[in-house]
Amino acid sequence: MTNLMNHFANLADRLVPDEMRGDINELKRVRMFIISHLLGPFLGFPIFLFLFVNDPAPWPHVHIPTAALAMFWAFIIALKLFPNWYSTLALASTVNLNFIILFTAYQYGGASSPFLMWFLLTPLLAFFYLGSGIKTSVATLLQIFGGVGVFYTVYLLDGSFPQHIPLEDMVGVTMLSLICASMYIFFMSSYYASVVDSQSGLLREIARHQATLDDLKFAKEEAERANSAKSDFLAKMSHELRTPLNAVLGYSEILLEDAELDGNGEQIADLQKISAAGKHLLAMVNDILDISKIEAGKTDLYIEEVDIDQMISEIEMTARPLAAKNTNTFVIEKSEQLGAAKIDLTKTRQAIFNLLSNASKFCQNGKIILTATKDFTGDVPMLKIAVSDTGVGITEESLATLFQNFSQANAAVNAKFGGTGLGLSLSRNLCRLMGGDITATSTIGEGSVFTITVPLEVADNAGSEEEENEDHSQTDAALTNAASDLRAFQEGDAGLSASATPHSAPRVLVIDDDKGYLNLVDRILRKEGYSPVLSDQPASAMQLARAVKPQLIMLDVLMPEIDGWAVVEILKSSPDTASIPLLMVSVIDGPQTGSSNLVDAFIPKPIDSKQLIKSINSLLKRDAA
C-alpha cells in the first residue's frame, strides 16, 4: 500500500507545474489535488460499471455522471496548462464532485441512496485543496447547502425519486460504494498522515536548527563582547603604552645628540638602533590602537574643507624621498585643479601614506604613480586616489585576505620586507569610516593598483559629546594661595632642572602629570636655550601663568582632576593669559573638541624633539611679530 502511494506521489510530482514549486505549502496542496484526481476515477468507475450492467435502461443517468467522473483527469491537464487558475480549478472540481454524488443519488435511491455517503468528501477535499481560509469555508458551505437545496427542490417538483433499480437489488452496489469510499478516504488519509509526519519531522529539524542558531548567536554575542572588551582595553591603553615610548625616544635623541657632539661613533650606532626600534614599535602601537578604537566605535570624524591640490602637493613632498630609497620614480597624475573636498584630512592622508609606503617598500627600481581624480559616475561624487606600482605583484589568493589584520601577501614577503600587516587593514577601516573604501588589483610580476575612494563631502558623524561646564570660581578657590603654589613649583622645578639657563631666556610653562616627561622636556628646552617652568598640577595653571608670565604654555590633554581642554578655556578666558600662545602635546590623535580652535598648535606624543623645538620657535616668532 505504501509503495502504491509512493508511485502516486512520484507521478504527482512530475505533474506539478514548475511555477507552483516555490511555496512548500502550495506544493503540498497541489500534490493532494493531483493524487486525489488520479485516484478518484479508479475507485468510482466500478460503481458506475455495476449500475450500467444492472440498469435495464442506463442512458443517460449512468453516462452523464461517468463522463463527469472522467473529467477529474482533465482537471490535472488543465492545471498543468494553466497553473495560475489553480483556485478556480479546485473549486470547480468540488462542484463537479457535488454534482456526481447528488445526481447519482437522486437517480438511484434518493434520500436512501448508498451514494450519499460520498457527499461527506466534499468539504474534506475543499479544505485539502484550498486551505482553511474564509473564502474556502464560505464556498464550501454554499456548495453543500446549494447542492442539497437543488436535490430537495427537484424531488418536490417530481413528487418522488426515480426507480431505475429497486432498492432491494442495490445491496451489492451499496457494499461496493462503501468499500470504494472507504478505500478513497484511506488513501487520502494515509497520504495526509505522511504529509503531517514529514511536517512534524521538519518542525523538529527546524527546532534543532533553531537551537543551534541560538547557541551560535550566543557564542557570537560572547565573541563580540570579548572583542569589544579587547578593543576598549586597547583604546584606553593609549596613554600607558605611549608614555614609556616617549621616554625611550626622547632620551635616545638627547643621548644621540650628545654622542654626536663627543664624536663617539660606537654609541651613535647603538643609539640609532634604539631610536629606530622605538619608532618601529611606536608605529605598530599606533596602528593597533587606531584599529582598536575603530572597532570599539571610539573614532570620530573631524570634517574640514580641504584643498585637494594642496594636500597632494604636501603628500608629494613626503612621498618622493620615500620612493627614492629603493630608486623608484614617483609620478603624480591629476587634472589641473581638483578643487576642495569636505573630508577628514588626517585620516585620508594617513590612508594614502600607508599605500605609498607599501608601494615604495615592495617596488624596487620601478615606477610609482599617484593618480587623483574626481568620480561623478555614481549617486555620490567621490574623490578617487589610485596608487599603482611596477613591483612584485600579489596573487589572487593573497588579495582575498590582504585587508585582514596582521595579513601580508605571503610568508616570504614578511620574511624579506618585514611589517605587521596592519597598514592596509587600518587604511580600509579609515576609508570606510568616511563612507568610502579601498580596492586592490594586481598582476604577478607586473605590479599592483590600490584605489582609495571617499565622498567629496563626508557626512560628519562625529559624536558631539557634551562638554562639562567647569566652575571657574571653584578652580580659583582652590588656588587661593598663589605664592605658596609658586614656591612649591619653583622648588620642584629646581629639582627637575639639570642646568641653569639665562634669566633672559624665553620662559615656557610646561604642564603635565607625568614627572618623567617633565624631566625630559626640561632637558630638551634648556639645551635649546629656553627657560622651562614645570608643573605636574594642572589645577594651578592659571596662578602659575599669572605669576610666571611665560612666553608660551605647553600642556597635555589627558590629566587627572581637570581636562587639558578645560585648562585651555580657563587660560583663554582671562585677560592676563589669553594672549599667551598655547601648544597642546598629547597621545590623542589631534584636536577633537570645541576648544581646539583656542590652541595655536598641536603635536603628538611621543614627542619628536626637533618637531617640538620647531613648533615652539614658530609660535614665539609669530607672537613676537
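Helix 4 (residues 86-107) and helix 5 (residues 121-130) have axes that come within 10 Å and cross at roughly 170°. That makes helix 4 roughly antiparallel to helix 5, a label for angles over 145 degrees. The model is a predicted one, in which local features need pLDDT of at least 70, side-chain atom pairs count only at pLDDT 80 or more, and totals for chains, interfaces and linings use all residues. Residues are numbered from 1 along each chain as its sequence is written, and side-chain values use heavy atoms, leaving out hydrogens and water.

**Helix 4 and helix 5**
- Axes are lines fitted to C-alpha atoms, for helices over the stretch in contact, with angles from 0 to 180 degrees between N-to-C directions.
- Helices (H or I, at least four residues) and strands (E, at least two) are DSSP runs, numbered from the N terminus.
- Residues of helix 4 including Tyr-86, Leu-97 and Ile-101 meet residues of helix 5, among them Leu-121, Tyr-129 and Leu-130; contact means heavy atoms within 4.5 Å.

- Five strands line up as an open sheet in the order 9-8-10-11-12, with parallel pairing; two strands pair if DSSP finds at least two bridges between them.
- Strand 9 (531-535) and strand 12 (601-604) are the edge strands, each pairing on one side only.
- On average, neighbouring strands of this sheet are turned by 20° against each other, direction ignored.
- Strand 11 (residues 582-586) pairs with strand 12 in the parallel sense over four bridges, and Val-585 has Ile-603 in strand 12 as its bridge partner.
- Helix 18 (residues 541-548) packs on the sheet and touches strand 8 (507-511), strand 9 and strand 10 (552-555).
- Helix 19 (residues 564-573) lies across strand 10 and strand 11, running at about 175° to strand 11.

**Strands 2, 4 and 5**
- Strand 2 (residues 329-334) and strand 4 (residues 367-375) pair in the parallel sense over six bridges, and Phe-330 has Ile-368 as its bridge partner in strand 4.
- Strand 4 also pairs with strand 5 (residues 382-389), in the antiparallel sense over eight bridges.
- Ile-368 has Asp-389 as its bridge partner in strand 5.
- A hairpin of six residues joins strand 4 to strand 5.

**The whole chain**
- The protein chain has 20 helices and twelve strands.
- Among contacts between residues at least 6 apart in sequence, 72% join residues at least 24 apart.

Notes
Parallel < 35°, antiparallel > 145°, perpendicular 65-115°, else oblique.
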